[in-house]
Amino acid sequence: MSLSAYKTTIKNTESPRDIERRILSQVTSGLEAVKHLVDDLEPDQRKAAITPDIRKALWDNQMFWITIKADLMAPENSLSGNVKADLISISLWIDKQTSEVMKGEGTIETLIEVNRNIINGLSGRS
């Protein structure tokens, strides 16, 4: 099966919610793979430990949330105003927390926890 046929099949069989859950799960797996490289260090050592792999995992996560924020702000988005506001707030927090990690002042685990909570919500689990 060609890549375009595969993408069409996924698009036709997965709901937007399933797609969001799948992508966020992949992004979260990337964060989990590098978490120990930063979070296990003393705070004063974290900034110097940021590698290209860590930057990529953080960037992928941030891009997911930027995309979600853009979708939430689109006039055709049918979510309620409260849900939109809550998710936009989470997106803004992700930006801030990512900056904190890059400065060596935050942990990747907090980003993972938020993502897991959203994954659980998208899965229908509380």
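Predicted model: local features only at pLDDT ≥ 70, side-chain atom pairs only at ≥ 80, totals over all residues.

Biologist: How are the rings of F64 and W65 arranged?

Modeller: The ring centres of F64 and W65 are 5.5 Å apart and the planes stand at 90 degrees, so the pair is edge-to-face.

Biologist: Are F64 and W65 buried or exposed?

Modeller: Both F64 and W65 are buried.

Biologist: Let me step back. How many helices and strands are there in the protein?

Modeller: The protein has 6 helices and 0 strands. Along the sequence, the pattern therefore reads α-α-α-α-α-α.

Biologist: And what share of the residues is buried?

Modeller: Of the 126 residues in the protein, 33% are buried. As for contacts with a separation of 6 or more, 63% of them join residues 24 or more positions apart.

Biologist: Which residues of α4 and α6 meet?

Modeller: From α4, the residues are I54, L58, N61 and W65, and they meet I108, L111, N115 and I118 of α6. W65 is thus a residue we have already seen, as a member of the aromatic pair with F64. By class, this contact of α4 with α6 has 6 nonpolar, 2 polar and no charged residues.

Biologist: How do the two helices lie relative to each other?

Modeller: Two packed helices are described by the angle between their axes and the distance between the axes. Here, helix α4 (residues 52-73) and helix α6 (residues 108-122) have axes that come within 12 Å and cross at roughly 35 degrees. The crossing of α4 past α6 is left-handed.

Biologist: Now a single residue. Where is V101, and what does V101 touch?

Modeller: V101 is in helix α5. Apart from neighbours within four places in sequence, V101 contacts I50, L58, G106, T107, I108 and L111. Among these, L58 belongs to the α4 side of the contact we discussed, and I108 and L111 belong to the α6 side.

Biologist: Why does V101 count as buried?

Modeller: V101 counts as buried because its relative accessibility is 0%, and the cut-off for buried is under 20%.

Biologist: What about E100? Is E100 buried or exposed?

Modeller: E100, which lies in helix α5 (residues 81-102), counts as buried because its relative accessibility is 18%. Not counting residues up to four places away in sequence, E100 touches E105 and G106. G106 is also one of the contacts of V101.

Biologist: And L122, which residues does L122 touch?

Modeller: L122 lies in helix α6 and touches R17, E20 and R21, again leaving out residues up to four places away in sequence. L122 is buried, with a relative accessible area of 16%. From L122 to I19 there are 103 residues in sequence and 9.8 Å in space, C-alpha to C-alpha.

Biologist: How are D18 and R21 placed in their helix?

Modeller: They are 3 residues apart in helix α2 (residues 16-39), so about one helical turn separates D18 and R21. D18 is partly exposed at 26% relative accessibility, and R21 is partly exposed with a relative accessible area of 26%.

Biologist: Which other salt bridges could I look at?

Modeller: D60 and K56 form one, at 2.7 Å from N to O. Both residues lie in helix α4, 4 residues apart, about one turn of the helix. D60 is partly exposed, at 28% relative accessible area. R22 and E14 form another, with 2.9 Å between the closest N and O atoms. R22 is partly exposed at 31% relative accessibility, and E14 is partly exposed at 21%.

Biologist: Which residues are linked in a network of salt bridges?

Modeller: The network links E32, K35, E109 and R116.

Methods: Residues numbered from 1 in each chain as written. Heavy atoms only, no water. Axes fitted to C-alpha atoms, helices over the stretch in contact; angles between N-to-C directions. Helix = DSSP H or I, 4+ residues; strand = E, 2+ residues; numbered from the N terminus. Left-handed = near helix turned anticlockwise from the far one by under 90°. Contact = heavy atoms within 4.5 Å. Nonpolar A, V, L, I, M, F, W, Y, C, P; charged D, E, K, R; others polar. Salt bridge = Lys/Arg side-chain N within 4 Å of Asp/Glu carboxyl O. Buried < 20%, exposed > 50% of the residue type's maximum accessible area, 1.4 Å probe, protein only. Phe/Tyr/Trp six-rings, centres within 6.5 Å; stacked < 30°, edge-to-face > 60°.
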